[in-house]
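The sequence and the structure come first, and the discussion follows.

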Amino acid sequence: MTEHSKNWSRFYNAMVTTYHDESDRAAAVLGGSFVDAMLADLLQTYLVQDKSVAALFDGDRPLATFSARISIAFAVGLLPPNIRSDLDKIRRIRNHFAHHPE
């Protein structure tokens with residue numbers, strides 16, 4: 001279990017307070033990253049607690065991207081189709097703001 005899962009509602013409230021004064025661009029990138037981290041946390045609660053499994057979420061490993069996390073969470077039944085669709089939209093918005101400087 002990660003730091004966020006111990007009290008994700010407290011973390012969420014702190015995130016909302018922090019992002020309130022950010023630009024729309026920063027809020028989109030940071031908010032998307034928050035959702036990505038919470039999805040990683042969700043997946044980790046269902047996986048074996050081992051360093052080799054935790055490493056799957058790092059670098060260029062299979063569960064390191066938001067897209068991969070969405071796909072596997074859906075594939076194992078943790079996400080219904082409508083939430084998968086919403087997460088894909090959040091991912092695309094975050095990526096757009098992160099990769100387009102104008």
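This is a predicted model: local features need pLDDT of at least 70, side-chain atom pairs count only at pLDDT 80 or more; totals for chains, interfaces and linings use all residues.

Among contacts between residues at least 6 apart in sequence, 57% join residues at least 24 apart.

The secondary structure consists of 6 helices and 0 strands, so that the chain, read along its sequence, follows the pattern α-α-α-α-α-α. For 102 residues a compact globule would have a radius of gyration near 13 Å, and the 14 Å of this protein agrees with that expectation. The C-alpha trace spans about 40 × 30 × 25 Å along its principal axes. Of the 102 residues, 27% count as buried, while the accessible surface comes to about 6800 Å², with 57% of that area belonging to carbon and sulfur atoms.

**Salt bridges**

Side chains of opposite charge can pair when their charged atoms come close.

| Pair | N to O distance |
|---|---|
| R69 and D36 | 2.7 Å |
| D36 and R94 | 3.4 Å |
| R91 and D88 | 3.4 Å |

What does the salt bridge between R69 and D36 tie together? R69 forms its salt bridge with D36 at 2.7 Å; because R69 lies in helix α5 (residues 66-75) and D36 in helix α3 (residues 24-46), this pair ties together parts that are 33 residues apart in sequence. Both R69 and D36 are buried.

The side chain of D36 also meets that of R94 in a salt bridge. Since D36 lies in helix α3 and R94 in helix α6 (residues 81-99), the pair ties together parts that are 58 residues apart in sequence. The cut-off for a buried residue is a relative accessible area under 20%, and therefore D36, at 10% relative accessibility, counts as buried, as does R94 at 14%.

The salt bridge of R91 with D88 is placed within helix α6, where the two residues are 3 residues apart, about one turn of the helix. Both R91 and D88 are buried. Salt bridges that share partners join D36, R69 and R94 into one network.

**Nonpolar core and surface patch**

In soluble globular proteins, nonpolar side chains tend to be buried together. Here the largest nonpolar core has 10 residues, namely L39, A40, L43, F57, L63, F66, I70, A73, L79 and L87. The elements that give two or more residues to this core are α3 and α5.

Which residues does F57 touch, leaving aside those up to four places away in sequence? F57, itself a member of the core, touches A40, L43, Q44, L47, L63, A64 and R69. R69 is the residue that forms a salt bridge with D36, and A40, L43 and L63 are likewise listed among the residues of the core.

W8 is found in helix α2 (residues 8-19). Is W8 buried, partly exposed or exposed? At 48% relative accessibility, W8 counts as partly exposed, because that class lies between the limits of 20% and 50%.

Notes:
Residues are numbered from 1 along each chain as its sequence is written. Side-chain values use heavy atoms; hydrogens and water are left out. A salt bridge is a side-chain nitrogen of Lys or Arg within 4 Å of a carboxyl oxygen of Asp or Glu. Helices (H or I, at least four residues) and strands (E, at least two) are DSSP runs, numbered from the N terminus. Buried means under 20% relative accessible area, exposed over 50%, partly exposed in between (1.4 Å probe, protein chains only). A nonpolar core is a set of buried Ala, Val, Leu, Ile, Met, Phe, Trp, Tyr and Cys residues joined through side-chain atoms within 4.5 Å. Contact means heavy atoms within 4.5 Å. The radius of gyration is taken over C-alpha atoms; the globule rule is 2.2 Å times the number of residues to the power 0.38. Accessible areas come from the Shrake-Rupley method with a 1.4 Å probe; for residues, only the protein chains shown count as cover.
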